[in-house]
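Visitor: I have a model open on my screen and would like a friendly tour of it. Could you walk me through it by question and answer?

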Amino acid sequence: MKFELRNVTRRFGDRVAVDAVNVEIPQGQMVGIIGRSGAGKSTLLRMINRLQEPSSGSIHFGGLEVSSLKGAGLRNWQRDCAMIFQQFNLVPRLDVMTNVLLGRLNHRSTTMSLLSIFTRDERIMAIAALERLGIEQTALQPAGTLSGGQQQRVAIARALMQAPKMLLADEPIASLDPLNAKIVMDALRDINEREGITVVTNLHTLDTARSYCERIIGMADGRVVFDGPPRELTASAVREIYGSDKDGAGIDETMTSTSLKPARRAEAAPSAMIAETAVMR
Ligand SMILES: Nc1ncnc2c1ncn2[C@@H]1O[C@H](COP(=O)(O)OP(=O)(O)O)[C@@H](O)[C@H]1O
Ligand SMILES: [Mg+2]
């Protein structure tokens, strides 16, 4: 099913955070959103799962108008469209297993009380999700005692428990070291490829977006200024996204400093290499 943003704008007072964005995403794509800080990336993602409301425009998924959903319909959408965050958003004092099971909450009625009511099947599903992410041995530990990389894997396992149709990730690797960043990006890609779940992720490193995403959306000042495959992201496109102040202030040096490469499907067109060198200055 196709996902679509139609002319979506979000204002905060006088400031236009997202400016008339039109995007169509077919089911199963892996999309990276890049842009400098303040470009509107987080606001865009948050509107997709209705953590934030558009000021104007509409959001659609198949025949469903997401932007007008209320009540149970809205809860169902938020279940179908799981989100993970830079800061993981786990409940630190609860054990890992319970954090993962919380991903099932939107599948059950709110009148059922917590914890004791998870079924055997749900517990099996939670263990399977933890195994898939290679962290089943942490199941009984308080989530707050895990490393950042492990916590983000717990967050992904929790998202999987929602059986989502879309997975949104807001800078999921920004707080992680390169090894854990790779593990997390490989996990997102595996979910995208094996389950056919659409993944839309904000990324602050250009080379990660190039390596992992079949499609890159570049934002600047709330607008989409690039939308295409990595091979079309030339030096001038990169400059339009990140700006070209002569002191390079628009360009976050970490953007080009990692060498994250996926386990498979490494794609680096020569023009892409040139573009990266160009912005390093
Ligand atoms: N809740 C908010 N209230 C006021 N301004 C906001 C709010 N959220 C975001 N903004 C503003 O909207 C713009 C886009 O922010 P954001 O979507 O967080 O960008 P990014 O994720 O690309 O860094 C920024 O100017 C930011 O200050
Ligand atoms: Mg952001």
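Predicted model: local features only at pLDDT ≥ 70, side-chain atom pairs only at ≥ 80, totals over all residues.

Visitor: Which element gives the most to the shell around ligand 1?
Guide: The residues surrounding ligand 1 include Phe12, Arg15, Ala17, Gly35, Lys41, Ser42 and Thr43. Two elements give two or more residues to this shell, strand S2 (15–25) and helix H1 (41–48). With 3 residues, the element that gives the most is H1.

Visitor: How many residues of the shell around ligand 1 are charged?
Guide: Sorted by class, the shell has 3 nonpolar and 6 polar residues. Arg and Lys count as charged, and the shell includes Arg15 and Lys41. The charged residues number 2.

Visitor: Are helices H5 and H6 roughly parallel or oblique to each other?
Guide: Helix H5 (residues 148–161) and helix H6 (residues 178–195) pack with their axes 9 Å apart, at an angle of about 10 degrees. Angles under 35 degrees count as roughly parallel. Therefore H5 and H6 are roughly parallel.

Visitor: Which residues of H6 make the contact with H5?
Guide: On the H5 side, the contact is made by Gly148, Gly149, Gln152, Arg153 and Ile156. By class, this contact has 4 nonpolar, 4 polar and 1 charged residues. From H6 come Asn180, Ile183, Val184 and Ala187.

Visitor: And how many nonpolar residues has the contact of H4 with H5?
Guide: The axes of helix H4 (residues 120–132) and H5 come within 9 Å and cross at roughly 140 degrees, so the two are oblique to each other. Met125, Ala126, Ala129 and Leu130 of H4 meet Ala157, Leu160 and Met161 of H5. This contact has no polar and no charged residues, and its nonpolar residues number 7.

Notes:
Residues numbered from 1 in each chain as written. Chains lettered and ligands numbered in written order. Near = placed C-beta within 6 Å. Helix = DSSP H or I, 4+ residues; strand = E, 2+ residues; numbered from the N terminus. Axes fitted to C-alpha atoms, helices over the stretch in contact; angles between N-to-C directions. Parallel < 35°, antiparallel > 145°, perpendicular 65-115°, else oblique. Contact = placed C-beta atoms within 7 Å.
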